[in-house]
Amino acid sequence: MATVFALLLSLPFVRARQVSISINASQQFAELPPIARFFGCDEANYAYYPDGQALLSDLGHLGPHQTYFRTHNLLTTCDPSDAVTPRLKWGCTNAYTEDAAGNAIYNWTVIDRIFDAYLANGVKPYAQIGFMPKVLATDAEPYTFAFEASSPYDDIYTGWSHVPSNWHKWGELVYQWVAHEVRLRGVEEVESWYWEVWNEPNIPYWNGTAAQYFTLYDYAVANVRRALPTARVGGPEVAGGPGGTFLQDFLQHTLAGPNAATGATGAPLDFLSFHAKGSPLWLNATASAPAHLQMNLSASLQNVRDAFALITTFPSLKTTPVIIGEDDPDGCAACESPAYGYRNGLVYPSYTAAVFARDLELARAYGVQLQGALTWAFEYDGHAYFDGFRVLATNGVAKPILNVFRMFGLLTGSRVGSMSSGQVPLDNIVAESVRGEADVGVLASFNRTEKKLAAMMWHYHDDDLPKPDARVCLEVSGLDAVLTTQERGDGASSPHGGSVLLTHYRIDSSHSNAYTVWQAMGSPQIPSREQYAALQAAGMLQVLGRPERVAVTKGRVEVEFELPIHAVSLVVVEL
Ligand SMILES: *[C@@H]1O[C@H](CO)[C@@H](O)[C@H](O)[C@H]1NC(C)=O
Ligand SMILES: *[C@@H]1O[C@H](CO)[C@@H](O)[C@H](O)[C@H]1NC(C)=O
Ligand SMILES: *[C@@H]1O[C@H](CO)[C@@H](O)[C@H](O)[C@H]1NC(C)=O
Ligand SMILES: *[C@@H]1O[C@H](CO)[C@@H](O)[C@H](O)[C@H]1NC(C)=O
Ligand SMILES: *[C@@H]1O[C@H](CO)[C@@H](O)[C@H](O)[C@H]1NC(C)=O
Ligand SMILES: *[C@@H]1O[C@H](CO)[C@@H](O)[C@H](O)[C@H]1NC(C)=O
């Protein structure tokens, strides 16, 4: 404790670190892929609970690009004694049962409730075909489990993870499901979804061999396509980047392997997916630092780098969209530990900004068509406020992390050239994470339709410790050349001279931060009506100061501001 105080007391005397960030609005590249609009969770059923629906509505309206949701347990069987009550790492729908004679009984009621909740809130399914219904699992018992935050992770690997006892019944189930969706939602709607097969089949989520997964994939995909020939299909949602040789073997199978379902060579693959996870630690006190949380984003970026490197060895996949189907700071949303203490505060959003910007940089370096980076975090209705889980909102109150996705939603259009004197170079951050100087990075875009330039800037370090602010000098140049003469018009706000409207969105300890407000209230678990309203307001994306007109000189604007450690800024310049 003494060390913490010493650090805090010494801070006012530490000079802010000077950082220059320059953006050249006329240096425009290809569209910045809108990767931060994919979300997911284990617990399928919370989608139609009140707080679940409210959060889906937030996610469905993050920006102009379509949001997708991936969930486990869409085909899992409920316990007969159990209502369809969601609980940690569990969900169920009873979509498939059989009568005493072994005839299939399909019931889409619960899946419909889940997908209705998505679609009503502007979200589309990234539909996961899994897990195994109890009557189809080769080794079904035990099937259900009761997971708690402190449970050993392996407790979850029960009958749902098993190989089907009958491949034709498995294939028919997939066909009936997709045919149902096409009847209910229409061809055009279902064509806009993603369909993927299972989760992390290279670890015990799949109680079979790789070859058996390829068979599972072949039957699933052949039957998705039988119901809807234009459906978008992919996988394999492998854990740990390439997952040893799993991704490689899978890609070889889809390109040239024998198709178990059709007898053809290879299998359709419209998009490919793998997972990337960081590895945070709780460090004990040392002579130089108090006990604290330390993130490790290179663990995650190395997964991404290794998967991308593999993908580029398959020339025929050069244009295949790639989705990081889970891209998170750690491996278990429903677990609690001191090392997961980053989830309520500023470390999580600043980490996400720093990592997603590097995912995009790696995609450009490897020439990979990165389409999405999926955040495995949703919410748990009826849990305590700001408990230790990896969730985006708590009792209907948005956590700071949700605001970084609102910022990403405003970052649209072409990527524009940007440079920060404080940004850790790509190779260094992939190799060593951020252990030396903090990462003061920038990612910028220009949306021609809206005539808006947006620049996201973050101040990230792996250690959750106090650090001096960054004193950012931001220069945006090239504003004069960015619009055609016609687009410029002759208004007083012409970027020739005149001014532009500058809005500075901010996530820090006093902006877009319901957590600090809740703590200042004394961390109430039963907030009053007024407190609840204040928490909801604090959870919104907020502006630093207020929007202001800034003078443009020779196509340039300059602003200076302090960027505290683990804060994120989004500066929007409207021409
Ligand atoms: C900005 O980019 C444009 C187009 O690439 C280039 O011509 C110009 O020299 C750049 N300006 C600066 C200040 O780097
Ligand atoms: C289908 O499932 C729903 C929800 O579990 C249930 O209420 C309904 O009775 C089932 N329908 C049939 C025909 O069994
Ligand atoms: C499959 O499940 C059985 C228990 O039914 C377990 O003993 C075995 O280790 C599991 N195998 C794999 C590959 O996960
Ligand atoms: C911190 O100390 C505890 C108790 O001595 C120990 O179990 C743990 O492994 C230590 N953590 C690290 C990261 O060294
Ligand atoms: C981060 O995690 C990776 C992968 O687990 C590990 O190899 C590396 O040593 C860690 N980096 C640091 C700086 O601890
Ligand atoms: C630019 O913004 C408009 C309005 O929000 C949006 O419809 C459009 O998709 C954006 N352009 C790009 C390329 O993201």
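Modeller: Happy to! Let's start with N24, where a polar side-chain atom sits 2.4 Å from an oxygen atom of ligand 1. Please keep in mind that this is a predicted model. Around ligand 1 you will find N24 together with S26 and Q27. On its own, ligand 1 has 370 Å² of accessible area, and the protein covers 31% of it.

Ligand 3 comes next, and the residues around it are D139, H162 and N207. Each of them has a contact to go through. For N207, an N or O atom of the side chain lies 2.3 Å from an oxygen atom of ligand 3. D139 brings a polar side-chain atom to 2.8 Å from an oxygen atom of the ligand. For H162, the distance between a side-chain N or O atom and an oxygen atom of ligand 3 is 3.4 Å. The protein covers 39% of the 360 Å² of accessible area that ligand 3 has on its own.

Now to the cysteines. Searching the whole structure turns up 2 disulfides. One of them is formed by C78 and C92, with 2.2 Å between the sulfur atoms. This link is right-handed, with 100° about the S-S bond. Both C78 and C92 lie in the loop between β3 (67-71) and β4 (96-98), so the bond ties together parts that are 14 residues apart in sequence. C78 has a relative accessibility of 7%, so it counts as buried. C92 is buried too, because its relative accessible area is 1%, and the cut-off for buried is under 20%.

In the other link, C332 is joined to C335, at 2.0 Å from S to S. Here the angle about the S-S bond is 70°, and the link is again right-handed. C332 is buried, with 3% relative accessible area, and C335 counts as buried at 9%. If you number the bonded cysteines of the protein chain in sequence order, the pairing reads 1-2, 3-4. C41, by contrast, is in no disulfide, and the nearest cysteine sulfur to it, that of C332, is 13 Å away.

C41 itself counts as buried, with a relative accessibility of 5%. C473 has a relative accessibility of 25%, so it counts as partly exposed.

Notes: Residues are numbered from 1 along each chain as its sequence is written. Chains are lettered from A and ligands numbered from 1 in the order in which they are written. This is a predicted model: local features need pLDDT of at least 70, side-chain atom pairs count only at pLDDT 80 or more; totals for chains, interfaces and linings use all residues. Side-chain values use heavy atoms; hydrogens and water are left out. A residue is near a molecule or strand if one of its heavy atoms lies within 4 Å of it. A polar contact is a pair of N or O atoms within 3.5 Å; within protein, one must be able to donate a hydrogen and the other to accept it, and residues adjacent in sequence count only if both atoms are side-chain atoms. Accessible areas come from the Shrake-Rupley method with a 1.4 Å probe; for residues, only the protein chains shown count as cover. A disulfide is a pair of cysteine sulfur atoms within 2.5 Å. Helices (H or I, at least four residues) and strands (E, at least two) are DSSP runs, numbered from the N terminus. Buried means under 20% relative accessible area, exposed over 50%, partly exposed in between (1.4 Å probe, protein chains only).
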